[in-house]
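Trainee: I have a model open and would like to go through it with you. Can we start with the overall picture and then move to the details?

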Amino acid sequence: MGRGRELAELRMLLLDSGARLLTLTGPPGVGKTRLAVECAHRCAEAFPDGTAFVDLAPLPEPSLVMSAVARVLGIRVPPGQPPVERLGTALWKKQLLLVLDNFEHLLEAAANVAHLLEAVPGLRVLATSREPLGLRGEHRFSVFPLEVPDLRDLPEVDRLVRIPSVALLVDRVRAVDRTFRLDAENARAVAELCVRLDGLPLALELAASAFAWLPPQTILERLDHRLSLLSRAARDLPERHRTLRAAVGWSYALLPPGLQRVFRRLGVFRGGWTVEAAAAVCDVPAEEMLEAVASLQDKSLVERAPQPMRFRMLESVRGFALEQLALSDEVEDAEVRHAHFYLALAKRCDAQMAGPVQAETLDRLEAEHDNLLAAIQRFLNRADTSSALGLAGALGEFWALRGYWTEGRMWLGRILERGDGEPLSRARALRALALLAWVMDDLGEAETRGQAALEGFSAAGDALGIASTLRILAHVARARGNCRRAASYLEEGLRRYREMGHPWGVAVSCSSLALVALAEGKPKPARGLLGEAMVLYRQCGDPWGVAVCLQEMGQLAHQQGRHEEARELLEQGLERFRELQDKIGIARTLADLGATTRAMDRPTEAVQWYRAGLALQWDLGSRRGIAECLEGLAVLARDPRAAARWLGAAEGLRSQLSSPPPVPQRAAIEAASHRARAFLGAFGFEVERTKGRVLPLAEVVREALAEKRNVHLSPREQEVASWIARGLTNRDIATELGVSERTVDSHVLHILNKLGFRSRAQIAAWAVEQGIASSAGTAYGGEGAVGKS
């Protein structure tokens, strides 16, 4: 089930490409045997002398393999004659397909397979093994788990049930409960089961038996104990496949003691690991670690992760590794080594946040996020609050930039509640919490936590900590419309940065002061500040700082009436924010592009920018950002009732936050209010505005995003637009679609012409707003977030 592509490839390899030894490899329970049997059945007509299946699992010794083959084929081996020699003589004119199942524990017999293939020209061997046979001319075919659903974009039930892992699970569940139906109520639980079980056919079949006495959601909740839960299977299955534990244990028992130690220690990692991290946890040199991981990969107990030089275990395999670790005396040592490795990594990455390796640093932390959270929890379990504070505090910028706002606040709050820990570590954690509270528009907590951090840094004499915290307090003051106080904080921070000789700090202070000036509608002082900031950011090699300056220079050009230049600068900034996956930077720039194109008298284009920005701001939960986009759409609205509702919703949000609109936007907002009031009358306007304030915000946002542009793109053009929204180049799209790059160039040109756009960024924004891209986040790099300015 769900193996059509694999069967076609295997048939081609066996019959068309001349592969004489084809080995199916893969993790325990992935379905190698079933696939081999089906492949032999479908290829049988090509072998006049038949196909033969030999189950090697029961054999205890490699020397018995050829005897088992002879027995299955009905060939008598005379006493004293080697079985391989007798087989070669008996079969040399035959055209035969021989299936050798479960070879992994008998690899020393591989040489006899090579002799047999040499002696019998018409023989083909199809082997299954958790490890390749290691022979010349061997074709290796990796069998992967079944495709699983995307939980972020779950399809409708009729499409969900066609995904192979779901189809298999539903089919097996109905074998034990004929009344079962996949429906809207149980679809998510079933889909999540498939994902949590890695799409592993054996695990899915074992889970299906649990449906006889447990509902899907309960099975899902018990999956942390999957090896115990998934323990009922048909009695006619081989012993090693009757439980998930037995399936993995079969492979584990074949490992030498040193490799068993490495395997069980690797269970402490969540979401994968690098060789460097594994070497630290396993306490072996990196060269030896690489060999060990490669060996485990050959044995199908470890697989490569999507990121370069990164490895992982299937969760079912990892569960077994943790069981074995718990049975050893190594748990404490492995977990402590893991936690301290990730503490050091977080601190190292925090120091690299401002500079030329910023993007790579963010990506490294993204890949290791599950491990970083596990390390925090392990420190807390051991009452090591100072280390937990140090790790969480070092993640503050990452959590802000990549959108882990709620999660980051939860961890920081939980650790700080303990009340102990080294004072400087507490100050850094408080600063991180203030930053996250600010981006989530919780201005009261941001100020409280920021002031507490400032006191801690002042007591410790940490000038850098003081300056960085002043910047956060300035953001809070600016959000509240108190630009004088914001400027005061920033000027004090700038003075300290200059005294320290800290060029990045000087740059971020200048760009933040420029933002304050622009919020007050004072472009002249902003120009000089941005010039100095851009020079310093480029000297530091900081791509985020360059993106911020481009965005603010776009705002500056817009305020001075240079709208074409403003759009070019903003689009450049948008591209850089997208590369960094800075979602808030993206969303703010989209709103700025809306304002700029509105000033250029391009209302249709402006609406697209605002809507794309609104979609991202809604995804982030940024109330200030939502208010700004609703105000922009209200200014452009043709329906005065909708304009009044959107203005009312924006007023309500700003009232909650005590955050008035920036000065440059106020005239346009007031003009939109006057137009709507003139059309509706004072009473009608107030009715609609009040509706906007009291209606659920989700309903208002849905209305603002609802209208679609009446533009027809062909299915292929829509597909190209969706890939553009995911950040792919034309060359990448050509590879995905299997067409030439020139064809993709032509599609992109047609899309631009049909939509009246000038840039790929506009196509991306439009695709998100139209729902062509898989999600708003995907269009600009997935999990992104805020800037530091």
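Trainee: What kind of model is it, and what is the mean pLDDT of the protein chain?

Mentor: This is a predicted model. The protein chain has a mean pLDDT of 89, and 94% of its residues reach 70 or more.

Trainee: Where is confidence lowest, and where is it highest?

Mentor: Helix α41, residues 776-779, is lowest with a mean of 31, while α14 is highest at 97. Over residues 774-789 the pLDDT stays under 50, although the model has 81 contacts there beyond four places in sequence. Where pLDDT is low, the predicted coordinates should not be read in detail.

Trainee: Fine. How many helices and strands does the protein chain have?

Mentor: There are 41 helices and eight strands in the protein chain. Its C-alpha atoms fill a box of roughly 105 × 60 × 50 Å along the principal axes. Of the 789 residues, 55% are buried. Among contacts with a separation of 6 or more, 69% are between residues 24 or more positions apart.

Trainee: On to the sheets. What is the strand order in the open sheet of five strands?

Mentor: The order is β2-β3-β4-β1-β5, and the pairing is parallel. β2 and β5 (138-142) are the edge strands, each pairing on one side only. Neighbouring strands of this sheet are turned by 20° against each other on average, direction ignored.

Trainee: How many bridges join β3 to β4?

Mentor: Five bridges join β3 to β4, residues 123-129, and the two strands run parallel. L100 stands opposite A127 in β4.

Trainee: Which helices pack on that sheet?

Mentor: Helix α1, residues 4-16, packs on the sheet and touches β1 (21-25), β3, β4 and β5. The direction of α1 makes about 175° with that of β5. Helix α5, residues 110-119, also packs on the sheet, where it touches β1, β3 and β4. The direction of α5 makes about 160° with that of β4.

Trainee: Now the helix pair. At what angle do α20 and α23 pack?

Mentor: Helix α20 (residues 385-394) and helix α23 (residues 423-439) pack at about 35°, and their axes are 8 Å apart. α20 passes α23 in a left-handed crossing.

Trainee: Which residues make the contact?

Mentor: From α20 the contact uses S386, L389, G390 and G393, and from α23 it uses S425, R426, R428, A429 and A432. These residues divide into three nonpolar, four polar and two charged.

Trainee: Is α20 mostly covered or uncovered?

Mentor: Mostly covered: nine of the 10 residues in α20 are buried. Among them are L389, G390 and G393, which also take part in the contact with α23. The buried residues of α20 pack against α17 (331-351), α19 (369-381), α21 (396-402), α22 (405-416) and α23.

Trainee: What is V275 in contact with?

Mentor: Leaving aside neighbours within four places in sequence, V275 is in contact with A286, M289, L290, M309 and F311. V275 and G18 are 257 residues apart in sequence and 37 Å apart in space, C-alpha to C-alpha.

Key: Residues are numbered from 1 along each chain as its sequence is written. This is a predicted model: local features need pLDDT of at least 70, side-chain atom pairs count only at pLDDT 80 or more; totals for chains, interfaces and linings use all residues. Side-chain values use heavy atoms; hydrogens and water are left out. Axes are lines fitted to C-alpha atoms, for helices over the stretch in contact, and angles run from 0 to 180 degrees between N-to-C directions. Helices (H or I, at least four residues) and strands (E, at least two) are DSSP runs, numbered from the N terminus. A crossing is left-handed if the near helix is turned anticlockwise from the far one by less than a right angle, and right-handed if clockwise. Contact means heavy atoms within 4.5 Å. Ala, Val, Leu, Ile, Met, Phe, Trp, Tyr, Cys and Pro count as nonpolar, Asp, Glu, Lys and Arg as charged, and the others, Gly among them, as polar. Buried means under 20% relative accessible area, exposed over 50%, partly exposed in between (1.4 Å probe, protein chains only). Two strands pair if DSSP finds at least two bridges between them. pLDDT is the predictor's confidence in each residue, from 0 to 100.
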